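Trainee: Could we sit down with this model together? I would like to learn how to read its features one at a time.

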Amino acid sequence: MSAYRTVVVGTDGSESSLKAVDRAAAIASGSDAQLVIACAYYPADPKDVSAAADALGNEAYQVTGSAPTYEILRIARERAHAQGAKDVVERAIVGAPVESLLALLDEVKGDLLVVGNRGLNTLTGRLLGSVPSDAARKATSDVLIVHTVR
């Protein structure tokens, strides 16, 4: 089996997703591959920001607005460099996480998608789908689901 050339990893800034970034960075470093770190977001309407903050509390940053996206990507890049990844690209992508990650994977001709297992064994994940299960089912490349939450 040949080494991976382009590894794509998704992060939402959670500790779980940053563990997936660490694993993806280690793989990219070992394969001398490019690492593309992606963070999906929805552009926020100012009227909706307040409602999202009320409804989601501290988790609102994960679904609305672009400002925290660049901070999330900066932190992920620093962690990737600490794992030895040299060629790191940051991508803020608009839209739903799975569809956005898969579109990016195709765009950059990624041959490995790395995601954390958060949501995989939750009731919501079983009823509505989760990023790891949907990505694994729909991806056309290898997918690594990192066990970041047990």
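Trainee: Is D134 buried or exposed?

Mentor: Buried means under 20% relative accessible area, exposed over 50%, and partly exposed in between (1.4 Å probe, protein chains only). D134 has 13% relative accessibility, so D134 counts as buried. R137, at 58%, counts as exposed. Before we go on, this is a predicted model, where local features need pLDDT of at least 70, side-chain atom pairs count only at pLDDT 80 or more, and totals for chains, interfaces and linings use all residues. Residues are numbered from 1 along each chain as its sequence is written, and side-chain values use heavy atoms, with hydrogens and water left out.

Trainee: Which residue forms a salt bridge with D134?

Mentor: Side chains of opposite charge can pair when their charged atoms come close. The rule here asks for a side-chain nitrogen of Lys or Arg within 4 Å of a carboxyl oxygen of Asp or Glu. D134 pairs with R137, their closest N and O atoms being 2.8 Å apart. Both lie in helix α6 (residues 131-138), 3 residues apart, about one turn of the helix. Helices (H or I, at least four residues) and strands (E, at least two) are DSSP runs, numbered from the N terminus.

Trainee: How many salt bridges does the rule give?

Mentor: The count comes to 9. One of them joins D22 to R79, with closest N and O atoms 2.6 Å apart. D22 lies in helix α1 and R79 in helix α3, so this pair ties together parts that are 57 residues apart in sequence. D22 is buried at 16% relative accessibility, while R79 is partly exposed at 21%. E15 joins D22 and R79 in a network of salt bridges.

Trainee: How does the span of α1 compare with what its 17 residues should give?

Mentor: The expected span is 1.5 Å times one less than the number of residues. For α1 that is 24 Å, and the end C-alpha atoms are 24 Å apart, which agrees. Just after α1, D32 takes a positive phi of about 55 degrees.

Trainee: Why is strand β2 described as largely enclosed?

Mentor: In β2 (residues 34-41), 7 of the 8 residues are buried, so the rest of the structure largely encloses this strand. Two strands pair if DSSP finds at least two bridges between them. β2 pairs in the parallel sense with β1 (residues 6-10) over 5 bridges, and 7 bridges join β2 to β3 (residues 88-94), also parallel. V8 stands opposite V36 in β2, and I37 stands opposite E90 in β3.
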